[in-house]
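Have the viewer open as you read.

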Amino acid sequence: MKKLNEISIRYVKGIGPKKLKVFEKIGIETIEDLLYYFPKRYEDRRNFLNISQLKEGQYYTIKAKVLARGERTSFRRKNFKILEVVVSDGTDKLFCIWFNQPYLKNYFKPQTELILYGRIERYANRLQMNSPEFEIVEKDKNSFLNMGRITPIYTLPKGFSQRKFRQIIKSALDKYIPEIKDFLPYEIRNNHNLLNIAKALINIHFPEDITLNKEAYRRLSFEEFFMFQLPLALRKVKNKLNPG
C-alpha cells in the first residue's frame, strides 16, 4: 500500500489536470501535502453578531443581505474605482467598501446573502468595513461545511473559492483518513494525553469545538518536536554503543 506522501492529489474528487497544476505551484502535490495544508484562521459561524452590536476598531464576522450597491471614481485618481455595497441583517446597516476591484460588483446583487469578515471603522458618522473578505451564502448539500460551525478559512490557490477548497479537503479526509498510520506509539499519546493523528487532522480542518481544535494543534506541535528530537536521541544511543 502506498504512503500518503506517495499518492498524487489528482485522485481527490474535484481536482482535474488544470487544478492539479495550480496546486503544484503552491507546493501541494501529494495527499499528505493537502492534509497538512492548514487553515490560516477560523470563523465561528454558529452564532453571528448583529450589526447593531458592532464596535469600531474590532474584527467581526457577520451575516447580512445586500440592500444596494454603487460605484464611483475617486476624485483624486481618475481611473481609481470605489465600489460601495450597503448590507443589512435587520438590526442595522453596514457599508462595505472595495477599492479598484470593479469586477466584484457582479457578486453583490440586491438580496444576495453574504458572510463578511473585516475590521469595523467609522467614517462620516457611519460604520463600514474596508475591503472585507466575503463569501456568498448558498443553499447546497455541502452547507454543513460552511455554516453553523467553526469554519476554516484557507489561503487559497488561484481560482478557488473557500467553499470549493473546503469540499476538496473534506473529500481527501473522507477517503484517506482511514489509511493514515499514527507513528506515535499509543503509550506516548496516552502519557501526554494526545489525540491520535486522524482525529487531530479532522479537528484542524473541521473542528468539532474550540477545545478539540487546540488539542489538535497541540498534538501536531508535539509531533513536530518529536520528529526533531528523535534523530538526536538515536545519535546519542549510537555513540554509546560505539565508543571511540
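## Pockets and packing

Strand β7 is the top contributor to the lining of the largest pocket, giving four residues. This is a predicted model, where local features need pLDDT of at least 70 and side-chain atom pairs count only at pLDDT 80 or more, while totals for chains, interfaces and linings use all residues. Residues are numbered from 1 along each chain as its sequence is written, and side-chain values use heavy atoms, with hydrogens and water left out.

Helices (H or I, at least four residues) and strands (E, at least two) are DSSP runs, numbered from the N terminus. A pocket is an open set of points on a 1 Å grid over the protein atoms alone, where a 1.4 Å probe fits, with protein on both sides within 12 Å along at least five of seven lines; lining residues have an atom within 4 Å of a point. Volume is the space filled by probe spheres set on the points, which are joined across faces, edges and corners. For the classes, Ala, Val, Leu, Ile, Met, Phe, Trp, Tyr, Cys and Pro are nonpolar, Asp, Glu, Lys and Arg charged, and the others, Gly among them, polar.

| Pocket | Volume | Lining by class |
|---|---|---|
| Largest | about 580 Å³ | 12 nonpolar, five polar, eight charged |

Closest to the centre of the largest pocket are Phe134, Glu135, Leu156, Ser161 and Gln162. Besides β7 (133-136), the elements β1, β5 (113-123) and α3 each put at least two residues into that lining. In the second largest pocket, Lys3, Leu4, Glu32, Ile180 and Lys181 sit nearest the centre.

Now for the packing. Leu35 touches Leu4, Ala172, Leu173, Ile180, Leu201 and His205, leaving out residues up to four places away in sequence; contact here means heavy atoms within 4.5 Å.

Thr30 is in the loop between α1 (17-25) and α2 (31-35). Why is Thr30 counted as buried? Because its relative accessibility is 13%, and buried means under 20% relative accessible area (exposed is over 50%, partly exposed in between; 1.4 Å probe, protein chains only).
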